[in-house]
Amino acid sequence: MWIPILQTTGSVTLISVVLAIVISFAEKLLNNYGTCKIDINDGEKVLEVEGGSSLLSTLAAQKIFIPSACGGKATCGLCKVQVKIGAGPLLPTEEPYLSAKERTDQFRLACQIKVKNDMTILIPPELFSIKEYIGLVEKITDLTHDIKRVSMKLQDNETISFKAGQFVQFYTKPYGKISETVFRAYSVASPPADNTHVDLIIRKVPDGIATGYAHTALKEGDEVRLSGPYGDFYRRGGEGVNTLVMIAGGSGMAPMYSLIYDIIGKGLDYQMYYFFGAVTTRDIFYLDEFRALEKEHPNFHFIPALSGSTEGDGWTGEKGTVVDVMLRHIPNADGKEAYLCGGPGMLNASTNALRTIGFTDETIFFDKF
Ligand SMILES: Cc1cc2nc3c(=O)[nH]c(=O)nc-3n(C[C@H](O)[C@H](O)[C@H](O)COP(=O)(O)OP(=O)(O)OC[C@H]3O[C@@H](n4cnc5c(N)ncnc54)[C@H](O)[C@@H]3O)c2cc1C
């Protein structure tokens with residue numbers, strides 16, 4: 001009775017092994033695109049690369065770093081690149097991120113298109129100056145129950161030149177059950193004047209890969225790979241602007257911290273109104289530091305607002321959503337620019353409210369986390 005069963009099992013195993021070999025051979029054959037040429041900015045740079053990977057990772061391997069917050073999952077839509085020749089048809093995963101105008105202008109998501117043949121692409125020239133860095137983690141500080149500040153010193157005597165408000169990409173290493181390396185966008189919290197350090201403020205996201213790494217695996221003394229700077233969230237200070245209205249929640253604190261200390265460090269005399277939204281007192285941080293800063297610099301005003309219950313916790317500050325609180329203090333848009341940072345809900349509510357008092361697309365700047 002056992003012999004036929006063993007014979008059948010043996011045949012099935014043999015067929016599976018043969019099929020696996022055939023599939024792997026066919027995959028190799030089909031995905032072998034050979035060497036492909038990528039022409040960047042009308043011949044400014046021409047790369048010879050091995051085909052088969054995404055345009056995003058192919059360029060990164062050649063030290064050309066296209067901004068991406070999600071690490072290639074087509075969930076952030078940041079890695080837009082103009083592909084004049086060689087991208088193939090638009091993919092369904094790209095559609096939600098490209099406007100009609102962008103499609104006409106041949107923009108594509110670099111994380112979604114594969115390098116399979118010669119390509120001609122256009123990228124903003126400033127992307128050539130983005131570099132990779134190794135940061136040594138000098139200090140990890142708990143700011144709240146779910147937010148940490150990670151302070152890193154750049155290694156190899158490197159310095160970073162960036163504008164307050166910009167972000168870097170932070171690369172994780174495999175840890176625990178996570179076997180992959182991913183990268184995510186984090187705004188630099190330290191001011192640009194300190195060009196040998198990069199500080200990040202990272203809020204833990206449930207089941208998040210990068211935030212899980214930063215909160216549970218990363219230790220002081222570890223080395224971390226970063227690239228940057230990226231992004232267009234920085235102070236404009238347009239003509240006639242004398243007041244900056246800043247609105248943030250949670251880890252949206254990071255770029256604001258850099259902006260505030262940059263302005264103070266440069267001795268600029270903008271009036272700064274910083275509205276920081278949180279639910280309860282356990283979500284508030286830097287309260288003492290900013291209270292002291294207000295005393296030292298009368299042009300800085302810190303207005304934290306709690307939207308949750310404050311019963312019994314001695315809170316004497318503003319209550320309500322950060323948007324309502326902002327409207328109680330800011331009557332109009334005269335001479336003002338607004339800088340917002342946080343989740344989509346808070347950003348949409350803030351933008352709508354700012355428009356009702358006269359702010360426009362030209363005077364509202366934001367980074368959506
Ligand atoms: C320009 C820019 C700057 C940023 N700066 C910062 C910063 O300074 N500090 C900071 O903490 N974050 C910042 N982020 C967000 C950050 O890039 C990551 O998206 C976030 O930390 C989650 O990464 P993860 O790998 O832990 O989660 P993932 O593994 O990518 O996601 C895990 C799960 O959590 C969900 N998720 C992802 N992000 C969030 C979120 N923010 N809230 C709730 N659920 C989420 C996903 O849908 C998924 O289900 C920034 C994003 C952008 C675009």
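Modeller: Let's start at P229, which sits in strand 11. Keep in mind that we're looking at a predicted model.

Now for the second largest pocket. Its space comes to about 170 Å³, and 15 residues line it. If you want to find its centre on screen, look for L56, S57, A60, Y171 and F183, the lining residues that lie nearest to it. Strand 11 (223-230) comes back here, as it gives two or more residues to this lining, and so do helix 2 (55-61) and strand 8 (167-171). Helix 2 has the largest share, with 4 residues. By type, the lining splits into 9 nonpolar residues, 4 polar ones and 2 charged ones.

Where does this pocket sit in the overall layout? Both domain 1 (35-127) and domain 2 (130-230) contribute residues to its lining, so the pocket lies between those two domains.

While you're at helix 2, follow the chain into the loop between that helix and strand 3 (80-85), where you'll find A74. A74 isn't a glycine, yet it has a positive phi of about 60°.

Together with domain 3 (243-368), domain 2 gives residues to the shell around the ligand, so the ligand lies between them. That shell has 22 residues, and the closest are R184, A185, Y186, A210 and T211. Strand 9 (183-187) is one of the elements that supply at least two shell residues, and the others are strand 10 (197-203), helix 4 (209-217) and strand 17 (364-368). The largest share, 4 residues, comes from strand 9. Sorted by type, the shell has 12 nonpolar, 4 polar and 6 charged residues.

Zoom in on the ligand's oxygen atoms next. A backbone N or O atom of A185 lies 2.7 Å from one of the ligand's oxygen atoms, and a backbone N or O atom of I209 lies 3.0 Å from an oxygen atom of the ligand. With S251 it's the side chain that takes part: one of its N or O atoms is 3.1 Å from a ligand oxygen. As for how covered the ligand is, it exposes 930 Å² when taken alone, and the protein buries 71% of that.

Key: Residues are numbered from 1 along each chain as its sequence is written. This is a predicted model: local features need pLDDT of at least 70, side-chain atom pairs count only at pLDDT 80 or more; totals for chains, interfaces and linings use all residues. Side-chain values use heavy atoms; hydrogens and water are left out. A residue is near a molecule or strand if one of its heavy atoms lies within 4 Å of it. A polar contact is a pair of N or O atoms within 3.5 Å; within protein, one must be able to donate a hydrogen and the other to accept it, and residues adjacent in sequence count only if both atoms are side-chain atoms. Accessible areas come from the Shrake-Rupley method with a 1.4 Å probe; for residues, only the protein chains shown count as cover. Ala, Val, Leu, Ile, Met, Phe, Trp, Tyr, Cys and Pro count as nonpolar, Asp, Glu, Lys and Arg as charged, and the others, Gly among them, as polar. Domain bounds come from an automatic or database domain assignment. On a 1 Å grid over the protein atoms alone, a cavity is a set of points where a 1.4 Å probe fits but cannot get out, and a pocket is an open set with protein on both sides within 12 Å along at least five of seven lines; lining residues have an atom within 4 Å of a point. Grid points are joined across faces, edges and corners, and a volume is the space filled by probe spheres set on the points.
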